[in-house]
2 protein chains.
Amino acid sequence: MNYPNGIAKNIVKHNISYKNRGMKLESDLNVTNEFYQSIDKAYIYKKPTPIKIVHVDYVSRSLATITEAYFKEPSTTDYNGIYKGKYIDFEAKETKSNTSFQLDNIHKHQIKHLKNVLNHGGIAFLIIRFVHLDKTFLLTANDLMDFMNSHSRKSIPLSYFEEKGYIIRNKINPRVDYLEVIDKIYGGIL
Amino acid sequence: MNYPNGIAKNIVKHNISYKNRGMKLESDLNVTNEFYQSIDKAYIYKKPTPIKIVHVDYVSRSLATITEAYFKEPSTTDYNGIYKGKYIDFEAKETKSNTSFQLDNIHKHQIKHLKNVLNHGGIAFLIIRFVHLDKTFLLTANDLMDFMNSHSRKSIPLSYFEEKGYIIRNKINPRVDYLEVIDKIYGGIL
């Protein structure tokens, strides 16, 4: 898989995520994952944003510029990796609501992806932060599927997170220690 | 992680990969992975191409157009997923050489990524196709690291693939049956 002449190695230094402007949870998770990696606890990383490229200008031999492209609907989740040899997969979302999480924030293909991960023996979950409540929950993909199978409503109420989900404590380091919760839930099989 | 208004769901139907024009191995692997998924054997998929977005035009409320972006050097491999509960990870490359595979086709970050996968108990490998010889090899990441640790040369000779690698047979379905080789190598632990 050869790159065109002109991979832009050093053109832009800061990783601006246009689809997640100002999303604190994303940066908290990046720092958390770097921490896990630094202490050799787990190797979990963010996938690239899926982009549909329509036009590329080969400006010079050393530089290819994409001049027309679009955001694609994601077919997988944002994060995956390995923890204690197990495949780990999750999607992370913030909500400004104080009462519920809108399910249309998770795309159909992402739901299918989470099901596939479960079917093949991986560990799959959501991390949902209620920004104004300053509460971050981990909800297993199994509990997500249970909810979707037994409810017709288009949002998951906060009460469901409080009942079935697990609070991820705010810490200094790691900032969002979701593996602490994973140990609690899956401890026996890890 | 909210998308801007105007995800381009149906704008372009064909998935043209600008960095892999004409790469037969990629399409063979996509078909193979779809086959594995269809028979519930494994869930392995291609990650999005990493792109550095510099400018986005919000043309209308319903359409965001990326008007300036660049290909980024990949920090991970192209493929990962789950097989029998295990984390699977690999990079696939074609070479037109009949004698060796140039190591600079694998970026430094990708080597580090493969090491991380190994360290955390995942299964990591390369799939290298010598196009003109019509031979496709699977080389484990362990054997890749061994080679790099014991040789200063910048390419892996065909003879090393013949000695340490495993031929992936051409089949009708699945087209590139690399899991057959994985079963052979790791059968005991899967």
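Predicted model: local features only at pLDDT ≥ 70, side-chain atom pairs only at ≥ 80, totals over all residues.
Reader: Why are α2(B) and α3(B) called oblique to each other?

Author: The axes of helix α2 (residues 108–119) and helix α3 (residues 141–150) of chain B cross at roughly 125° and come within 10 Å. Axes are lines fitted to C-alpha atoms, for helices over the stretch in contact, and angles run from 0 to 180 degrees between N-to-C directions. Angles under 35 degrees count as roughly parallel, over 145 as roughly antiparallel, 65 to 115 as roughly perpendicular and the rest as oblique. The two helices are therefore oblique.

Residues are numbered from 1 along each chain as its sequence is written, and chains are lettered from A and ligands numbered from 1 in the order in which they are written.

Reader: Which residues in α2(B) meet α3(B)?

Author: Leu114(B), Lys115(B), Val117(B) and Leu118(B) meet Ala141(B), Asn142(B) and Met145(B) in α3(B). Contact requires C-beta atoms, placed from the backbone, within 7 Å. Helices (H or I, at least four residues) and strands (E, at least two) are DSSP runs, numbered from the N terminus.

Reader: What makes strand β8 of chain B largely enclosed by the rest of the structure?

Author: Five of the six residues of β8(B) (135–140) are buried, so the strand is largely enclosed. Buried denotes 20 or more other C-beta atoms within 10 Å of the residue's own; 12 or fewer is exposed, and in between is partly exposed.

Reader: How many bridges join strand β7 of chain B to β8(B)?

Author: Six bridges join them, in the antiparallel sense; DSSP must find at least two for strands to pair. Leu126(B) has Leu139(B) as its bridge partner. In the hairpin of these strands, Asp134(B) takes a positive phi near 55°. β8(B) is also joined by two bridges to the antiparallel strand β10 (166–167) of chain B, where Phe137(B) stands opposite Ile167(B).

Reader: How do you know that the buried residues of α5(B) line one face of the helix?

Author: Tyr178(B), Leu179(B), Val181(B) and Ile182(B) are buried in α5(B) (178–186). Seen down the axis, the buried residues fall within an arc of 150°, so they line one face; the arc is that of the directions from the helix axis to the C-beta atoms. Their cover includes β7, β8 and β10 of chain B.

Methods
Contact = placed C-beta atoms within 7 Å.
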